[in-house]
Amino acid sequence: MFPLRERKYMNKLFQHIMRSLTLAVALLWGAASVALAMHGNVEVAGVTGTDFQFTARSGYITTGDGNNVYFWGYANGSSAVQYPGPTLIVSEGATVTIRLVSQLPEATSLVIPGFSVTATGGQPGLLTREAPADGVTAVTYTFVADRPGTFTYYSGTHSDLQVEMGLLGALIVRPTNFNAMDPMLRTAYGDARSAYDQEYLYLLSEMDLETHIRAEKGLFSEIDTSRFWPVYWFINGRTAPDTMLSDNVSWLPNQPYGAMTMMNAGERVLMRMIGGGRDLHPFHTHGNNFDQIARDGWLLATPTDLGTRTAEVGVIPDKSISDFTQTVVPGATHDAIFAWTGRGLGWDIYDGSNPNHMMATLVDANLDGFDDNTYEYIADHGKPFPVILPGQQEVTFGAFYSGSPFLGAAGSLPPGEGGNNPNSGFAFMWHSHNEKEMTNNDIFPGGLMTMVIVEAPVVEAPMPMP
Ligand SMILES: [Cu+2]
C-alpha cells in the first residue's frame, strides 16, 4: 500500500522513538488505555448548546519539548482559556449566539466562514464588529447553523498576529436527524454516505515562537509577521507526543483536546480536518487510504447521488477522493472516512492459531469481500505470513510488540518485554508529510504527529490497564 522506501523510513522512525522515548511512550500508553476504556463510539470533545460566552485572553501552553509558550485564546464562560478555542458542537437549524469580550492588549473579533453572521455591539472593524480591548464591552455574533458539517472560526482582527497567537477554533454542526446511539443516524451530513463509528478532530496549526516571546514582553512594534518562521506544529493545540494523551489531562489545562485515534478493524473513522494556521499541512495517514467525503462543509456528491459502494468502507459520496495524504489548506475543512481491514496484504492477519480465526464465519451476505462478523478480508483467509519470523535472540523488542505479528494475537516475549499493547493492536503513525513539521523547536520527533491504534474486531472495552 505504501512505497517500500517509506516503510523502511517509518521502521527506522519507530526504532528511534522506541529507543529515545520508551518511558514517555509507556506513560502515554497508560493514558491511551484510559481513552480505550471509553471505546464504543468516540465523539469529538467540545461544548454543546446555543449560547457561548467567550473571553479572549492570554495564557500559556506546554509543548512537547517542555517549553511554555505565551498565547492568546478563547475561554468559554468560567472555563480556562484554551488552544485551540472551544470546539463548538451545535445542531443544524439552531440559532447560535457567541458573546465576545477582549481582555487582550488589542481589540478582537470572530469570523465564522460558511454562515451568515449578524454582529451587534462593540465597535466597527474591518471585517466585522469588534470587542474593544477594555475587557468589558461585548460584541455579539448570531447566526443560524443552517447546514451540517465541519467549520472553523477565528479572529477577524489583525489576524496575521491574532490567529498566530492562537485565536482559532472548530465548529461542528450536527445534522437535524443526528442520533449518536443509532449507527444509521450517527452521520456527519445526515445520510449513510457520511455514517461513522468513531469521530475525531484534527485541527492543524503552527506557531512562530519569536512572535510569542515578543508579544509576551509587550514588544509589539518589534513583531514582523512577514518574517513568519514556525517552529511548533499542532494537532488540536498539542504537539507530539502530547497529541497521544487523552482529552482533558490535568497537566495540560489550556490544551484540552487530544488526537489519539482508536478504532476496531472494519470500523469507519470520521476524520474532521481543519487548516487552522497560515501554512498548509499535508496530513498523512499510514495503514490505509482514506476517502475525502466533504470540503468546507459540502458533501462531495452530485445532487442525485445515493452513494457509491467501495469494498473498504461501504457507501461513500460519488465524488469522494481516495488518498493517503490530505493537503489541509488554511481556513479550509476536509472530512474523510478512514477504515482499516488489512485488505490486500496478501496474508491472513489473524493467523490460524488465533481465536479470531476460529470465530471467522466466512459469511459475506453483503458481498463486500469481508467476513460479516470479523471484517476479515476473505480472499486472504489462511494465507501464510510471507516471511520467516526471526528468533527472539535476533530481535530488539519494543514496548508495543505483542510477541506476534498477527492482529489481536499475543506471543511469547522475554521477561520484562512488551506489555504496552495488551490487545495486540496495530499502531500506525499519522503525521504531517512535510516532515520538518514533526519537530518541537528543532527536536525530533514531535510536532504534527499522532498515532492510530487498530484493534482486532473482537476487542471490546473496557480493557485492563497494562
Ligand atoms: Cu509517514
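Two strands are said to pair if DSSP finds at least two bridges between them, and strands (E, at least two residues) are themselves DSSP runs, numbered from the N terminus. The model is predicted, so local features need pLDDT of at least 70 and side-chain atom pairs count only at pLDDT 80 or more, while totals for chains, interfaces and linings use all residues. Residues are numbered from 1 along each chain as its sequence is written, and side-chain values use heavy atoms, with hydrogens and water left out.

**View 1. An open sheet of five strands with mixed pairing.** The strand order is β12-β23-β22-β14-β20. β12 and β20 (325-328) stand at the edges with a single partner strand each, so one side of each has no neighbour in the sheet. β12 pairs with β23 (residues 449-455) in the parallel sense over four bridges, and Met 263 has Val 454 as its bridge partner in β23.

**View 2. The protein donors of the copper ion.** His 286 (NE2) and His 431 (NE2) lie 2.0 to 2.1 Å from the copper ion, where donors are N, O and S atoms within 2.8 Å of the metal (3.2 Å for Na, K and Ca) and sites may look incomplete because water is not among the atoms. His 286 belongs to the loop between β14 (281-285) and β15 (290-295) and His 431 to strand β22 (residues 426-432), so the pair ties together parts 145 residues apart in sequence.

View 3. Asn 236 counts as buried at 1% relative accessibility, buried meaning under 20% relative accessible area, with a 1.4 Å probe and protein chains only.

How values were computed:
Buried means under 20% relative accessible area, exposed over 50%, partly exposed in between (1.4 Å probe, protein chains only).
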